Each structure stands twice: as C-alpha cells, then as structure tokens.
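Here is a colleague's note on the structure shown below. Please read it with the model open beside you.

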Amino acid sequence: MTPAPALQPLELWLTPETGPLLPQLRQALAAASCAQAGPSAQPLRWAITGVDPHRGLRLEGVLVVATEPAPAEPTPAAPAYGAIP
Amino acid sequence: MSLAAPPLPTLLVIPTGVGCAIGGFAGDGLPTARLLAAASGCLITHPNVLNGAALYWSDRRLHYVEGWALDRFAAGELALAPVARQRVGLLLDAGIEPELRQRQIQAAEACRASLGLTIGPVQITEAPLGVGLSLGASGSSWGTLANPEALLRAGERLVAAGATAIAVVARFPDDPDSASLAAYRHGSGVDALAGAEAVISHLLVRHLGIPCAHAPALPPLPLDPDLDPRAAAEELGHTFLPCVLVGLSRAPNLVPEPTSRTEALHSHQLGAVVAPAGALGGEAVLSCAERGVPLIAVTGNPCLLEVTAAALGLTVLSAGSYAEAAGLVLALREGLDPISLRRPLPPLSAGRPSGGVG
C-alpha cells in the first residue's frame, strides 16, 4: 500500500537568475512544496501563469501530499512508471 | 518510392483550463491537430486537444498522450511505444447516480459494438471521489478530489484485472445556472472542468504508469439557442466518454527511459513543439525549449495568460495562426530553414549561424 494522497494548491513567485530556467523552477517548486506541506509533497501539475516586473514569475500548481508515513519498503503498485512516494 | 520527407515528430500543447480561443472548448483543437499531424507526419498531443465528447478523429499519425505523461516524455523520462490496441478499463466514480452511470456503460458498449474497441473490465470506486472545482490566481481552472485514494485503488484493481489503459468518469458538480458556465457555452471564459480533469488523469497516470484519460459525468444541460459552436460537442448526448475510449484505444504505452525498444518514440526525436504564444510556461514546452527543439509560438491563439517568449527569454518561431505553424513544421520536415521563408532575410555574419529558430 502506498500512503493515501491528498491534494493542495500551490502558488509561488520566483525571480530567476540568469541561466537555464527549468532547473530553477523545479528547485523552487520542490522547496515551496516541502515548506507548505512537508517532505512528502510533490508537484502534480504546475505552470508559469504570470509575469510581473517586480515579483518575477508566478507559478501555480497542485501538490500531491502523502498523508500517512510511507512503509519502510514500499511495494510498487503497478508494473510501470512511478508510484506515489 | 515515396517523395515525402520522413515524419518530423512534433509536440502540440494547448494548455487546459486557461481559456484558449482554439482548443479551450470541446475538442475545438481537433482541426488544428489534424492539420499539424498531416504537416509533421507524427503529432504527439494531449486529450484536451483531441477530446470532443461524442466526436473524435482517429489517425495513426496522432498520438494521444495524457498531460502528465506528456511532460515526462518531453523531459526525456518516458518513451512512447505504439500499440495496435489497448484494453481500456472503465473506472466509474461511485458518486455517479445509477441512471447516469448506466449511460456511461452504454457509451462503452456502443464503442465495443460499433467501433470494435476492447473495453473492460468496469470498476466502481469504493467511495465517491468528491470532485471540487476552483480557479487559481491567474483565473485558470483547477480542482481537487476529496478522496483520491479511492481513485487510485480502483485503478489498481483495473490493472490487476488486465486493463492496459483506463478511462475514468467522475461525477462533476452541477452548476447549470452559473455565470462561468454560461460564458463558456457562449464562447468566452475558461472551461471550469478542465483543471480538475487534468488533476484526476495526472494522478492516475503518475500512479499506474499506463495511459489514462478522463470524461466528466454530468446531466444534460437545458437547450441554449446561443451556444458557441466550439462548445457544441458537449451538448450532443448523455456522456463525454466516446472520445476518451477512442483516444485511449491506441494510445502509446509509456516506457521509462532509458529504453532500447526500437519502435518507441523518444523525446530526442522531437523536431518541433507548437504552443500558444501566451502560454509558454508549461513544463513540456520549457523542457523542449531548453533542449533546443524549435518552438513555434502561435500568436493567433490568445488565452488568459501572457507568459510569452519575451517574458521567459525564449527564442521562438512566431506564427500568426496554426495554418502558418503547419507551414513552419512542414518547412522543418523538409529541411528548409524557416528564416529563408521570411523577409527581410538577415545577412550572414561572423558568429551568427543561419538556421532554424529566430
């Protein structure tokens, strides 16, 4: 059994540095997810939805949050890609 | 001997729930997808583009890939393996009333009997999913589930019973008198259901690793004589399910990278990505752009977002319409430098190559 998931909205602003944008977005999303909902939280869906000259880029998304502790040795729920951690 | 150039695998993204003038309604992105499939010979796109309730178009050049899997494909984490057919399991929300549920099952029966699709088994969730609809700060739609666990467990049961793809039907809240629904039916505003639909299908695909897509269960709406043609596909019948079943019936398998499967389509083979010029901030588009895949930004598909190439520092090929975008895809497929088709033609200079994106 994987932990029961819950869903939460996420919104954050980011002023990117020079250089590739996507790694910065992923890092900021991971940090904001953890800060908002704990280390089990992961972005399920996100996009840049706004641009502001002062605040930077607005990201909106939905988080998946495990609401129970993960088992010590999780068994894959399915034969292919990615189970909820 | 064919005179046609080899296919140019092309990604078409029309984001869900942000009010795109083309593709923001009920399968009204389909003509665009057909055109780009013909121009490219291989188009990968997502259910929001291809689903028109009872209307659909089946074309072996069109690859039906759910949005979460599309993002992972673009990031190089999944490959797409073509299949002759999928066995599509039907996952029904326990919150659907018996008569409406029977309508969904009859739509599936019709697809078996009239189209020859392989459908089944059917699973009903152990508890109502509890779909809730919301709008984000940008005005884009999103949604949530009160009971995502029930969705995932029903999906697991379907996989255990032999399903290789899953069509999920969830009961969505009734709101026939809302201003947002009226605006949508009259051709403005956002599809309020689309964001929650994406959340449902993303959850399932992420968890199960197989193709999944969603159709909402709603009772028929009262007749509206002023209905916008782009929303008309959702007024044709009792369910939105047939397009999902057809799309999933030949949706490619999702194969974790790296894979040596020779028949699989890999993200490094992508030759172009096409997206609305104001909605370039999604993961798939950014993944492609950062790997140097030519990005065609269509200014003729406005939406409520203004996330442009200039704002993100991206280099794009600008197209005024999808017809122009199809011309650019065809040029890339034929090995033509798109810059050579425009005037003025900038001269060569030291340190600046000709070629591609500008």
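**Notes on the sheet and the contact**

1. In strand 3 of chain A, A66(A) is the bridge partner of P5(A). Helices (H or I, at least four residues) and strands (E, at least two) are DSSP runs, numbered from the N terminus.

2. This is a predicted model: local features need pLDDT of at least 70, side-chain atom pairs count only at pLDDT 80 or more, and totals for chains, interfaces and linings use all residues. Residues are numbered from 1 along each chain as its sequence is written, while chains are lettered from A and ligands numbered from 1 in the order in which they are written.

3. Strand 1 and strand 3 (residues 56–66) of chain A are antiparallel partners over 10 bridges. Two strands pair if DSSP finds at least two bridges between them.

4. Chain A has an open sheet of 3 strands, in the order 1-3-2, with antiparallel pairing. Its edge strands are strand 1 (5–14) and strand 2 (42–52) of chain A, and each pairs on one side only. From one strand to the next, the twist averages 15°.

5. Helix 1 (residues 21–37) of chain A lies across strands 1, 2 and 3 of chain A. This helix runs at about 125° to strand 1 of chain A. Axes are lines fitted to C-alpha atoms, for helices over the stretch in contact, and angles run from 0 to 180 degrees between N-to-C directions. Helix 7 of chain B also packs on the sheet, touching strand 1, strand 2 and strand 3 of chain A.

6. The contact between the chains takes 27 residues from chain A and 35 residues from chain B. Two residues are in contact if their C-beta atoms, placed from the backbone, lie within 7 Å. Helix 7 of chain B gives the most to chain B's side, with 7 residues.
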